[in-house]
Amino acid sequence: MTLCRNCSTELNDFMTFGKMPIANAFLEKNQIKSEYFFELAPTFCPKCSLFQLKFQPDPNSLFHENYAFFANTSEKMQRHFEDLTKSVIEQFKLKKTDLIVEIGNNDGGMVKYFNDLGYSNHLGVDPSKNVCDFAKSLGVRVKNEFFNHETARDIKRDYGDVKVLFAANTLAHIADITSVFEGIDFLLSKDGLFITEDPYLLDLLKKTSYDQIYDEHVFIFSLTSIIKLCEKFDLEVFDVEKLKTAGGSLRYYIARRGQKIISPRVQMVLSEERSIDLFSEETFLRFKYNCEQSKNDLLTLLQAKSKNHKIASYGATSKTTTIFNYCGIDSSLIEFITDTTPNKQNKLSPGMHIPIYDYEYFLNNIPEYCFLGAWNHIDEILEKEKNMFSLSGQWLSHTPKPQVLDF
Ligand code: SAH
Ligand code: TMP
Ligand code: ZN
């Protein structure tokens with residue numbers, strides 16, 4: 001029996017993706033023998049609707065001194081964070097002395113933009129040392145630790161109350177979510193703000209983008225589940241914003257109860273969620289069926305195209321680890337993967353061991369078809385490739401359904 005990480009209700013098991021390797025553990029040939037696998041099984045809580053993994057590997061094995069993901073590989077995401085920084089400063093009239101903390105700032109994050117704009121009273125908190133060191137080299141003040149209630153105590157002792165707390169694509173990674181909310185509740189000043197964004201459950205269900213489910217994403221949130229998390233504390237969601245980033249996300253604006261006027265958008269999004277019952281098994285059994293259908297259709301498509309054509313994948317993402325392992329896609333179907341991240345290059349993809357090469361290799365070995373592994377960066381990639389691959393080759397995608405893209 002596995003219990004909900006928020007409300008301790010027995011979780012509802014509805015499917016498994018089978019054995020999975022660590023999504024970001026790109027490996028060398030000599031590491032294949034000792035590769036670690038765990039069971040990737042999503043569940044949902046019938047009481048608080050929190051969508052969560054049944055098992056998550058030890059966080060120390062996911063976030064460490066050699067973390068593979070660097071946020072700066074996407075120029076568009078950098079602009080997204082820079083824009084948010086500027087709009088928060090303006091909208092909430094921040095003072096240069098206000099303390100600004102980011103949970104999971106990775107190689108820079110929003111605190112980098114705050115620092116660049118003269119907001120030097122900032123702190124980024126991230127357990128992965130290599131990305132922290134990179135952020136430090138840009139002048140960002142960082143604490144190389146896991147954020148939780150204990151870290152929050154240290155932050156308050158050393159820096160005082162926080163005016164703005166940020167997190168992007170990070171809260172979904174932290175299994176001890178109660179400790180995170182305890183920490184936020186402990187740190188936030190009376191007029192403080194907590195702004196957080198993560199992949200949105202409704203997008204995942206609508207697009208059958210099951211690849212959002214991997215070891216790091218221990219939760220896929222909805223507004224309903226975030227409200228239930230806030231309820232235990234002196235916190236409330238006063239606004240939400242739908243985002244196109246990370247394959248479809250929701251940004252939550254949270255403050256102390258009664259401090260802010262609640263935007264009508266909160267009720268609008270809640271009623272949309274009510275129309276897709278997030279508490280019922282039927283909703284998730286439909287998703288399971290869609291995943292199985294998607295797997296069969298993707299395999300049929302790749303098998304047909306690979307008979308006479310070379311197929312590569314664009315972006316060695318953590319999400320493609322789920323797709324390739326769930327569907328059983330190896331180098332007989334996808335010959336290689338291209339990725340701009342230096343520490344993923346000349347390695348093998350987790351589990352299926354497809355080789356990963358740099359962009360130059362891609363240019364010298366242009367395939368006829370390219371699977372859009374980094375589909376969440378589609379606009380940026382199509383723009384970059386409009387005079388290159390897109391003129392000679394065709395894109396394949398698994399979402400919203402397996403297909404050859406028509407452009
Ligand atoms: N905010 C960036 C990075 C997201 S990747 C972006 O949106 O692109 C997730 C980051 O969360 C990683 O850098 C990882 O090291 C960090 N992380 C994981 N667990 C954490 C925790 N408990 N506290 C703070 N950061 C954490
Ligand atoms: P993400 O989906 O987790 O953000 O990871 C995207 C991966 O795709 C990351 O490893 C970098 C890679 N990438 C490229 O190789 N080329 C690109 O143009 C972009 C935008 C990303
Ligand atoms: Zn629950």
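Which ligand 2 atom lies 2.8 Å from a polar side-chain atom of Lys319? I looked it up: an oxygen atom of ligand 2.

**Ground rules.** I am reading a predicted model, in which local features need pLDDT of at least 70, side-chain atom pairs count only at pLDDT 80 or more, and totals for chains, interfaces and linings use all residues. Residues are numbered from 1 along each chain as its sequence is written, chains are lettered from A and ligands numbered from 1 in the order written, and side-chain values use heavy atoms, with hydrogens and water left out.

**Ligand 2.** I continued with the other lysines. Lys344 places a side-chain N or O atom 2.7 Å from an oxygen atom of ligand 2. For Lys384, a polar side-chain atom is 2.9 Å from a ligand 2 oxygen. Ligand 2 exposes 490 Å² when taken alone, and the protein buries 94% of that. I note that accessible areas come from the Shrake-Rupley method with a 1.4 Å probe; for residues, only the protein chains shown count as cover.

I then listed the shell, where a residue is near if one of its heavy atoms lies within 4 Å. It holds 17 residues, and Lys319, Asp339, Lys344, His377 and Lys384 come nearest. Helix α12 (residues 378–385) gives the largest share, three residues. Helices (H or I, at least four residues) and strands (E, at least two) are DSSP runs, numbered from the N terminus. By class I read five nonpolar, seven polar and five charged residues. Nonpolar covers Ala, Val, Leu, Ile, Met, Phe, Trp, Tyr, Cys and Pro; charged covers Asp, Glu, Lys and Arg; the others, Gly among them, are polar.

**Ligand 1.** I turned to the 19 residues around ligand 1, of which Asp126, Ser128, Phe147, Ala168 and Asn169 come nearest. Twelve are nonpolar, six polar and one charged. A polar atom of Ser128 lies at 2.7 Å. One of Asn169 lies at 2.8 Å. An N or O atom of Asn106 is at 3.0 Å. Alone, ligand 1 exposes 580 Å², and 97% of that is buried by the protein.

**Tyr214.** I found Tyr214 in the loop between α6 (201–207) and β11 (219–220). Is Tyr214 buried or exposed? Tyr214 counts as buried because its relative accessibility is 6%; the cut-offs are under 20% for buried, over 50% for exposed, and partly exposed in between (1.4 Å probe, protein chains only). Its contacts (heavy atoms within 4.5 Å) include Ser318 and Lys319, leaving aside neighbours within four places in sequence.

**Asp239.** I placed Asp239 in strand β12 (residues 236–243). Asp239 counts as buried because its relative accessible area is 12%. Its side chain makes polar contacts with the side chains of Ser263 (3.1 Å) and Arg265 (2.7 Å). Beyond four places in sequence, Asp239 also touches residues including Arg251, Tyr252 and Tyr253.

**Helix α5.** Last, I read helix α5 (residues 177–187), where the buried residues include Ile177, Val180, Phe181, Ile184 and Leu187. The buried residues of α5 pack against elements including β6 (100–103), α4 (149–159) and β9 (162–168).

Definitions and conventions
Polar contact = N/O pair within 3.5 Å; in protein donor to acceptor, adjacent residues only side chain to side chain.
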